Amino acid sequence: MTQKTQPSTVGQLPTPETESSPVPVVLTRLAWTLLLGSIATLTAFLLRGRPWELPGVTVDGLTVIMWLTVTFFSAIVHSYSRRYLAGSKTAEAFFGRVFAFTLVVMVLVAADHLLLFGAAWLGMGLVMASLIGTLSAWPQAQAAAALARRYFVASSAALAAALLALWVGTGATTVSGVTAAAESTPLVVAAAGSLVLAAMIQSALLPFQSWLLSSMTAPTPASALMHAGFVNAGGVLLVRFDGVVTVEPAVMLAVVALGAVSALGGKLLKTVQTDVKGELGCSTVGQMGFMLMQVGLGFFAAAITHLILHGFYKAYQFLSAGEQVAQQSPVKSTTARSTGLVEAAVIVLTALAGGALFAGLTGKGTKLGGGLLLVLIVVLTVLHAAREVTTRPSLPASVRYVGVPLVALPAIALYAGVYRAIEGLLPVAAPPTELTLLHGLVAVAFLGAYLAIESGRYKHSERLYVFLLNATQPPTDTQLTTTEEYNEY
């Protein structure tokens with residue numbers, strides 16, 4: 001216990017209607033205005049049918065999709081934060097940083113000049129680090145911000161090396177020029193590797209998850225923006241430079257393998273977490289791994305769809321995280337039980353039906369090719385979700401046996417519809433990766449490991465448990481350990 005003397009506070013906290021500063025309300029209204037502008041831009045783009053090309057900037061399908069997504073999340077976070085930070089002395093600075101983050105990301109996804117893109121990437125990281133360290137009175141928050149800042153600078157350095165190599169190798173100074181002129185030369189392949197490294201650091205993929213798991217001192221709205229928007233930047237980077245990362249099949253295969261490791265690793269790391277935000281953080285690591293796998297298979301529209309839908313889900317999970325905290329006496333857990341024959345049949349049939357529905361609606365996986373692995377990802381996703389529900393004994397049988405497919409299949413249909421819509425908006429990219437024997441080996445290994453995790457066999461290894469526990473421990477100087485330390489004043 002600390003010996004700090006805390007001033008007592010009497011009275012009701014200010015509400016959004018009684019804010020003394022105009023900054024929160026002004027920036028919130030501006031955020032919603034940006035969202036309306038993004039909707040108008042998307043409508044104009046659909047009517048125009050081709051991108052706007054300005055000096056150093058290109059407003060294409062990817063730009064309008066990400067503008068709409070980022071401004072929506074930003075507007076929600078602004079509105080939520082007016083209540084969340086009511087009475088906080090850090091409110092003005094927080095709102096300023098969130099709005100600045102929104103603007104920087106909008107510049108990033110529209111940037112075509114290499115220097116502008118690199119500067120926006122660095123600026124985005126620095127602003128997010130400042131959001132993590134919003135509470136200057138918390139040494140732990142400042143330590144987490146400093147750690148994140150080092151990671152983001154390293155990511156920017158990797159990106160700068162890639163951009164320099166691409167400029168030297170192609171002579172182009174724009175993203176569009178580089179992707180069009182990229183050829184399979186040692187310099188361009190090295191640049192592709194640097195791009196993948198920059199994306200992995202920014203998206204907190206293994207082994208770069210430490211900054212994300214150390215950032216739990218950030219205000220909850222900042223965490224929502226981080227997991228719903230910031231970590232998506234890695235996927236946007238690889239999609240924007242699709243002509244570079246697809247130039248060498250070995251690079252794409254490596255991307256699939258790295259994504260598979262993070263997808264499985266994030267799933268395992270989540271199993272040893274004891275707090276809500278920690279579980280959500282490890283879940284993000286795993287989901288970014290699935291995103292990287294989709295990029296490696298050449299399904300860039302699927303990767304963007306995954307980022308957007310995951311962003312909606314994770315933003316909701318963080319902003320509602322407080323509802324999952326309950327003070328109660330310990331009771332015997334009844335959250336899950338062994339899977340019986342009926343449950344197993346429901347799970348397997350729902351997963352296979354979900355994969356077949358996705359294949360039928362999108363045309364992916366209907367013939368031998370990378371689409372089969374994309375459908376496999378869908379099947380495993382449905383399998384996991386169905387198992388989570390059917391093994392809960394507290395739910396009535398009608399929900400577990402009938403409700404699961406009735407909810408899962410329309411959800412897959414919605415996912416397929418969003419995927420087709422985004423596929424039609426994105427610039428034409430390279431065709432999906434052709435399957436090789438190595439892809440098959442990676443797929444078999446991934447499937448075996450995934451099913452082993454789902455079955456819980458890993459729980460019998462004490463060494464694995466200790467390894468996972470150590471892998472999820474952030475640096476000690478970033479952790480809050482006593483209740484008194486949570487008082488920002």
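Me: How many cavities of 30 Å³ or more are there, and what makes them cavities?
Reply: The count comes to 2 cavities of 30 Å³ or more. Each one is called a cavity because, on a 1 Å grid over the protein atoms alone, it is a set of points where a 1.4 Å probe fits but cannot get out. Bear in mind that this is a predicted model, where local features need pLDDT of at least 70, side-chain atom pairs count only at pLDDT 80 or more, and totals for chains, interfaces and linings use all residues. Residues are numbered from 1 along each chain as its sequence is written, and side-chain values use heavy atoms, with hydrogens and water left out.

Me: What is the volume of the largest cavity?
Reply: About 130 Å³. That is the space filled by probe spheres set on the grid points, which are joined across faces, edges and corners.

Me: Which residues line the largest cavity closest to its centre?
Reply: Met-66, Val-70, Val-105, Gly-229 and Phe-230, out of 16 lining residues. A lining residue has an atom within 4 Å of a point. Helix H2 (61-84), helix H3 (91-110), helix H9 (220-228) and helix H10 (233-240) each give two or more residues to that lining. Those helices are DSSP runs (H or I, at least four residues), numbered from the N terminus.

Me: What classes make up the lining of the largest cavity?
Reply: There are 13 nonpolar, 3 polar and no charged residues. Here Ala, Val, Leu, Ile, Met, Phe, Trp, Tyr, Cys and Pro count as nonpolar, Asp, Glu, Lys and Arg as charged, and the others, Gly among them, as polar.

Me: What about the second largest cavity?
Reply: About 80 Å³ of space lies there. Its lining includes Val-256, Met-293, His-439 and Phe-446. Helix H16 (371-390) and helix H18 (437-455) each supply at least two lining residues, with H18 giving the most, 4 residues. By class, that lining has 9 nonpolar, 1 polar and no charged residues.

Me: Why is Ala-204 called buried?
Reply: Ala-204 has 0% relative accessibility, so Ala-204 counts as buried; the cut-offs are under 20% relative accessible area for buried, over 50% for exposed, and partly exposed in between (1.4 Å probe, protein chains only). Ala-204 sits in the loop between H7 and H8, and its phi is near 60°, a positive value in a residue other than glycine. Pro-207 is in the loop between helix H7 (186-202) and helix H8 (210-213) too, and a cis peptide bond with omega of about 5° joins Leu-206 to Pro-207.

Me: How do you know whether Ser-156 is buried or exposed?
Reply: Relative accessibility is 12% for Ser-156, so this serine is buried. Ser-156 belongs to helix H5 (residues 139-170). Leaving aside its neighbours within four places in sequence, Ser-156 is in contact (heavy atoms within 4.5 Å) with Trp-121 and Leu-122.

Me: What makes H4 antiparallel or parallel to H10?
Reply: The axes of helix H4 (residues 114-132) and H10 cross at roughly 170° and come within 13 Å. So H4 is roughly antiparallel to H10. Axes are lines fitted to C-alpha atoms, for helices over the stretch in contact, and angles run from 0 to 180 degrees between N-to-C directions; under 35 degrees counts as roughly parallel, over 145 as roughly antiparallel, 65 to 115 as roughly perpendicular and the rest as oblique. Phe-117, Trp-121 and Met-124 of H4 meet Ala-233, Gly-234, Leu-237 and Arg-240 of H10 in this contact.

Methods
1 Å grid on protein atoms, 1.4 Å probe; cavity = no way out; pocket = protein on both sides within 12 Å on 5 of 7 lines; lining within 4 Å.
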